[in-house]
Amino acid sequence: MLYFQQMLGTAVFAITGVLAIHKVGVDVFGAVVLGIITAIGGGTIRDLLLDQPIFWIADFNYIWVGGGAALLAFFLTKRFQQRYRLLLYLDGFAAALFGLVATEKVLGLQLAAPFAVMMGVLTSIGGGIARDVLAGRTSLLMSREIYATPILLGCILYVLLRDVFGSIQIAGWLALIFTSSLRFLAIYKELQMPAILSTSQG
Amino acid sequence: MLYFQQMLGTAVFAITGVLAIHKVGVDVFGAVVLGIITAIGGGTIRDLLLDQPIFWIADFNYIWVGGGAALLAFFLTKRFQQRYRLLLYLDGFAAALFGLVATEKVLGLQLAAPFAVMMGVLTSIGGGIARDVLAGRTSLLMSREIYATPILLGCILYVLLRDVFGSIQIAGWLALIFTSSLRFLAIYKELQMPAILSTSQG
Amino acid sequence: MLYFQQMLGTAVFAITGVLAIHKVGVDVFGAVVLGIITAIGGGTIRDLLLDQPIFWIADFNYIWVGGGAALLAFFLTKRFQQRYRLLLYLDGFAAALFGLVATEKVLGLQLAAPFAVMMGVLTSIGGGIARDVLAGRTSLLMSREIYATPILLGCILYVLLRDVFGSIQIAGWLALIFTSSLRFLAIYKELQMPAILSTSQG
């Protein structure tokens with residue numbers, strides 16, 4: 001079940017990745033590469049830092065699913081753009097899921113909680129940042145969009161709830177609901193970081 | 001023989017790397033660093049992902065050759081620019097060679113063919129992309145130039161021929177000829193990705 | 001003692017990192033992430049290449065110190081900007097320290113001197129370059145500012161002095177004084193690479 005959700009998340013990340021770079025002008029090869037990087041980039045950096053086997057080398061399905069979804073997004077761009085808001089919500093859900101799964105993965109390696117939270121956030125947002133750097137776009141690190149903050153708070157909440165309930169399942173579901181809801185709210189209300197938490201732009 | 005060719009390829013990559021960034025304004029330190037990164041960047045990312053010892057740590061000659069060639073290119077830019085088309089062909093040959101050698105290296109580690117092809121392409125184009133990102137240039141991922149596609153096709157062909165002939169030599173030579181020829185054709189005819197395989201630019 | 005100095009260097013790198021990106025427009029999350037990356041990025045790439053445990057996974061204090069300093073720099077930007085020149089000198093000292101400590105670390109792994117020098121320079125300047133790439137700024141690789149050259153010369157000097165004196169302490173102090181002085185001179189006189197060592201800009 002979790003496996004299916006992660007594959008769905010991989011596909012969604014690849015699709016939103018291709019849509020994000022679509023306007024810049026890119027050929028099918030570049031689109032597929034950048035879609036795959038969006039989907040697997042964060043987890044790859046995490047595994048490199050942890051000196052763990054890269055997850056998609058162990059299970060190449062991540063590449064097939066990410067690459068296939070990117071191909072679809074390249075050729076059916078208009079269809080997907082019509083559903084952009086749905087994709088945005090799915091993307092928020094996938095980002096929350098990836099972050100929490102990574103946090104648990106790192107805790108399972110007996111590493112400290114702050115480090116697990118850090119790796120959770122990195123897994124979640126690393127791929128999108130890598131894509132933006134490679135595509136020459138302004139990355140979300142430089143924007144006031146509320147994307148990373150819900151994941152940061154959600155991963156912290158997960159670590160706390162896991163201690164309180166002593167159950168990965170309960171903590172996971174609660175943190176997933178919390179993180180997704182916060183991101184959904186940010187999408188729905190088009191929330192931005194308050195000015196006091198941002199430097200002047202331009 | 002292969003060793004000599006790889007060193008030649010390293011030098012060519014470093015030289016075209018320096019020529020590519022020459023217009024942007026760079027000092028000799030930056031030029032040498034970016035030339036070396038062009039030459040060894042792709043293989044470095046490959047070795048990191050495979051958790052193999054980085055190839056140029058085991059054999060520092062790659063750094064000397066890449067750095068020396070970059071220095072030459074920095075001080076003799078005009079000479080090299082006069083031979084730019086020759087360099088472009090040599091670069092295409094080196095890219096094909098690096099891609100195929102990397103594909104064989106990964107197959108030799110008993111990893112699956114699709115993964116070997118992926119690492120072949122990454123080895124071949126990764127250094128140039130890293131250079132462009134570091135230099136703030138538009139990377140070839142965002143261009144319609146036909147650079148990566150011949151390597152992708154060539155690495156796939158190599159895997160197939162290796163199975164058919166059961167010989168690394170025969171498969172290697174045939175794939176090398178195929179890949180280089182395709183790239184040479186793209187250079188000679190200034191081919192671009194057909195519009196249907198590209199998004200609108202600008 | 002060295003530990004305290006490295007933590008101070010980490011804080012200084014994080015602060016100058018935040019000040020460098022302040023004008024571009026960034027929220028508190030992006031500022032802290034980029035400040036931390038400035039502080040630990042170079043050493044992280046070094047440890048990945050050497051296949052060593054990442055230094056800040058072993059000792060998370062680097063993250064706390066870097067993150068805390070980045071937070072301070074975000075909220076007290078004006079205070080820090082008033083002391084910008086002092087920070088610039090501290091940054092030069094920290095860069096020299098990080099470079100020399102990394103050179104010694106690599107020599108201690110029985111790796112060759114040229115490689116140790118290369119890793120020293122990478123440790124010292126890698127974080128700032130990573131920050132610039134992520135923030136979409138022109139990196140110091142593309143500028144004529146004299147930043148990396150003193151570190152390169154200082155790390156080479158360190159390797160030589162270490163052989164001559166047979167003492168890490170003496171070699172370290174002399175190389176640190178030499179490297180810092182050279183950088184301080186470059187800051188004070190606003191030295192730039194001579195035109196003959198740079199390509200035309202623009």
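A crossing of two helices is called right-handed if the near helix is turned clockwise from the far one by less than a right angle, and left-handed if the turn is anticlockwise. The views below are taken from a predicted model.

**View 1. Helices α6 and α9 of chain B cross in a right-handed manner.** Helix α6 of chain B covers residues 84–108, and helix α9 of chain B covers residues 168–188. Their axes come within 9 Å and cross at roughly 145 degrees. On the α6(B) side, the residues that meet α9(B) include Leu88(B), Tyr89(B), Gly92(B), Phe93(B) and Leu100(B). On the α9(B) side, the residues that meet α6(B) include Ile168(B), Gly172(B), Leu176(B), Arg183(B) and Phe184(B). Glu104(B) also belongs to the α6(B) side of this contact, and Ile187(B) to the α9(B) side. By class, the residues of the contact between α6(B) and α9(B) are 12 nonpolar, 4 polar and 2 charged.

**View 2. Chain C meets chain B.** In this contact, 21 residues of chain C face 18 residues of chain B. On the side of chain C that touches chain B, at least two residues come from each of α2 (28–50), α7 (113–135) and α8 (148–165) of chain C. The largest share of that side, 4 residues, is supplied by α7(C). The side of chain C that touches chain B holds 12 nonpolar, 8 polar and 1 charged residues.

**View 3. Chain C is superposed on chain B.**

**View 4. Chain B meets chain A.** The contact draws 21 residues from chain B and 18 residues from chain A. Helices α2 (28–50), α7 (113–135) and α8 (148–165) of chain B each give at least two residues to the side of chain B that touches chain A. Helix α7(B) contributes 4 residues, the largest share of that side. The side of chain B that touches chain A consists of 12 nonpolar, 8 polar and 1 charged residues.

**View 5. Chain B is superposed on chain A.** Chain B can be laid on chain A by a turn of 120 degrees and a shift of 0.0 Å along the axis, and the RMSD is 0.0 Å. These copies use different surfaces, with 10% of the contact residues of chain B recurring in chain A.

**View 6. Chain A has 9 helices and 0 strands.** Along the sequence, the pattern of chain A reads α-α-α-α-α-α-α-α-α. The radius of gyration of chain A is 16 Å, close to the 17 Å given by the globule rule for 202 residues, so chain A is as compact as a globular protein of that length. Taken along the principal axes, the C-alpha atoms of chain A fill a box of roughly 50 × 45 × 25 Å. Among the 202 residues of chain A, 50% count as buried. Of the contacts in chain A with a separation of 6 or more, 72% join residues 24 or more positions apart.

Definitions and conventions. Residues are numbered from 1 along each chain as its sequence is written. Chains are lettered from A and ligands numbered from 1 in the order in which they are written. This is a predicted model: local features need pLDDT of at least 70, side-chain atom pairs count only at pLDDT 80 or more; totals for chains, interfaces and linings use all residues. Two residues are in contact if their C-beta atoms, placed from the backbone, lie within 7 Å. Ala, Val, Leu, Ile, Met, Phe, Trp, Tyr, Cys and Pro count as nonpolar, Asp, Glu, Lys and Arg as charged, and the others, Gly among them, as polar. Copies are superposed by least squares on the C-alpha atoms of residues with pLDDT of at least 70 in both. Axes are lines fitted to C-alpha atoms, for helices over the stretch in contact, and angles run from 0 to 180 degrees between N-to-C directions. The radius of gyration is taken over C-alpha atoms; the globule rule is 2.2 Å times the number of residues to the power 0.38. A residue is buried if 20 or more other C-beta atoms lie within 10 Å of its own, exposed if 12 or fewer, and partly exposed in between; C-beta atoms are placed from the backbone.
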